[in-house]
Amino acid sequence: MQKIGFDQVDYTFCLNNTDQHWNNMTEAIAPQGKICLIVENQAPVALNLLKSKSVTVVWETMFTRSNFNTDDIEEQHRLLNRIAELVDGGKIRTAVTGRISPIHAANLKLAHAKNRIWKNNRKNCS
């Protein structure tokens, strides 16, 4: 972060492996910053690392409303309809490029091989 001019950040959005990134997030977040997580942690997270900074930590998941029948469950309907509009309008598209089925050893090997090719191509493009 420092190489690109940042000592701290106001917001952190963790998309994978909370356990792996937790300490870096707690160091990088600015006082009164916000950390949003969308994946589970395996080990307890040390929230005490954030107390002196008064940082807000939130976990978000797509189906909280429907899982708990919250008072604002209608918002789930609105959000899903909005995503459908964006997909139908070509504003967003899936990252899925194909499907391999059924699941068996040969197809798993094929999927891993395709993933390696995709990663190599992506690395060469950066």
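In the predicted model, Ile-4 has a relative accessibility of 65% and therefore counts as exposed, the cut-off for that class being over 50%.

Helix H1, which spans residues 18–28, has a buried set made up of Thr-18, Trp-22, Met-25, Thr-26 and Ala-28. These residues lie on the same side of H1, because the arc that they cover around the axis is only 155 degrees. An α-helix has 3.6 residues a turn, so residues three or four places apart point the same way. The exposed residues Gln-20, Asn-24 and Glu-27 are carried on the face of H1 that is turned away from its buried side. The cover over the buried residues of H1 includes strands E1 (9–14), E2 (29–37) and E3 (56–59), as well as helix H2 (48–51).

The largest nonpolar core comprises nine residues, namely Cys-14, Trp-22, Met-25, Ile-29, Ile-35, Leu-37, Val-45, Leu-50 and Val-55. At least two residues of this core are supplied by each of H1 and E2, and E2, with three residues, gives the most. In soluble globular proteins, nonpolar side chains tend to be buried together. Within the core, Val-55 touches Ile-29, Ala-30, Gly-33, Lys-34, Ile-35 and Leu-50, when residues up to four places away in sequence are not counted.

Methods. Residues numbered from 1 in each chain as written. Predicted model: local features only at pLDDT ≥ 70, side-chain atom pairs only at ≥ 80, totals over all residues. Heavy atoms only, no water. Buried < 20%, exposed > 50% of the residue type's maximum accessible area, 1.4 Å probe, protein only. Helix = DSSP H or I, 4+ residues; strand = E, 2+ residues; numbered from the N terminus. Arc of directions from axis to C-beta. Contact = heavy atoms within 4.5 Å. Core = buried A, V, L, I, M, F, W, Y, C linked by side-chain atoms within 4.5 Å.
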